[in-house]
Amino acid sequence: MDPVTLIIEFIFTVEFFLLLFVVIILKSSIKFVPQNRAWMVERFGKYQSTKEAGLNFIVPFIDRISADRSLKEQAVDVPSQSAITKDNISLIVDGVLYFRVLDPYKATYGVDDYIFAVTQLAQTTMRSELGKMELDKTFEERDLLNTNIVTAINSASDPWGIQVLRYEIKDIVPPNSVMEAMEAQMKAERVKRAQILESEGDRQAAINVAEGKKQAQVLAAEADKAEQILQAEGEAKAILAVAEAQADALRKVGEAANTDEGQKAIQLDLATKAIGAKEAIARESSVVLLPDNGTDASSLVAQGMSIINSLNQKQKG
């Protein structure tokens, strides 16, 4: 083969390997870190830098990615464990821990396995906090218990670069004997509330009936009062009407008596009444004395008037 051709082929081969080497070097040195992640870079086994999201460069064959840490919020189940309350009741408790990595350097070099460490810390802290509370408080004050656990974990996990955001207790399981006692207590409370509500209903019903009777009596009394008032007003109006009629009659009699014809009519009426009075005296007694001038009309009238007066006095006596 021609030496020139061999030289050209050698040159092309060298260039090819050089290009391949450059590509490998570039691929090894250029790193794209995803969002919300951090890469720990070591050089010769020693921490060199932390690469955050975006385009980053490292020295090939010298630098290496020692750890990949997620900066997102993470949720970890806290396994069930036994805890004893302040009143010596054994409980089985589990929960969920929410945390995130604030410092990837501390999370990598400050602790061997930060997830295991924070989970164990949550278990021990939860056991310690439950030991400070009585059984009833563990059910009533879960929020306070969760807050205390978060505060205690954060104070201990700061060297690990971990921030605990919240802790939620999922289940609190007391022993069967305690469950039965609690169910009996709840049943008694329900019966008590039912009896109280029933007695309150009976009391309110009795109050309503009494109020109804009271209002009925008040309405009846007011109706009776109104009826008596109306009756009295009617009687008063009737008496007034009779008095006004009698006054009108007397007025008309007086006006008629003020004339000659009226005087004659009065005399005739008095004479008639006098004769009637004599007849009544005759019925009462067998002896009747008449005056000499008994035929005179005026004397008869006078006699009649005296007889009427005597009869009136007898009736009054």
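## An annotated segment

UniProt positions are given in the numbering used here, and its annotations may be inferred rather than shown by experiment. With that understood, the unreviewed UniProt entry lists residues 6–26 as "transmembrane region". The structure shown is a predicted model.

## The three-stranded sheet

An open sheet is built from three strands in the order β6-β7-β8, with antiparallel pairing. Strands β6 and β8 (162–173) stand at the edges and have a single partner strand each, so one side of each is left without a neighbour in the sheet. On average, neighbouring strands of this sheet are turned by 25 degrees against each other, direction ignored.

Strand β7 covers residues 90–101 and is joined to β6 by nine bridges. Within this antiparallel pair, Ala 75 stands opposite Tyr 98 of β7.

## Helices across the sheet

Two helices may be described in relation to these strands. Helix α3 (residues 114–130) lies across β6, β7 and β8, and runs at about 35 degrees to β6. Helix α5 (residues 142–157) lies across β7 and β8, running at about 140 degrees to β8.

## The position of Gln 74

Gln 74 belongs to strand β6, which spans residues 74–84. Its relative accessibility is 17%; because buried means under 20%, Gln 74 counts as buried.

Which residues is Gln 74 in contact with, leaving aside its neighbours within four places in sequence? They are Leu 97, Tyr 98, Phe 99, Val 101, Tyr 114 and Ile 115.

How values were computed
Residues numbered from 1 in each chain as written. Predicted model: local features only at pLDDT ≥ 70, side-chain atom pairs only at ≥ 80, totals over all residues. Heavy atoms only, no water. Helix = DSSP H or I, 4+ residues; strand = E, 2+ residues; numbered from the N terminus. Buried < 20%, exposed > 50% of the residue type's maximum accessible area, 1.4 Å probe, protein only. Contact = heavy atoms within 4.5 Å. Pairing = 2+ DSSP bridges. Axes fitted to C-alpha atoms, helices over the stretch in contact; angles between N-to-C directions.
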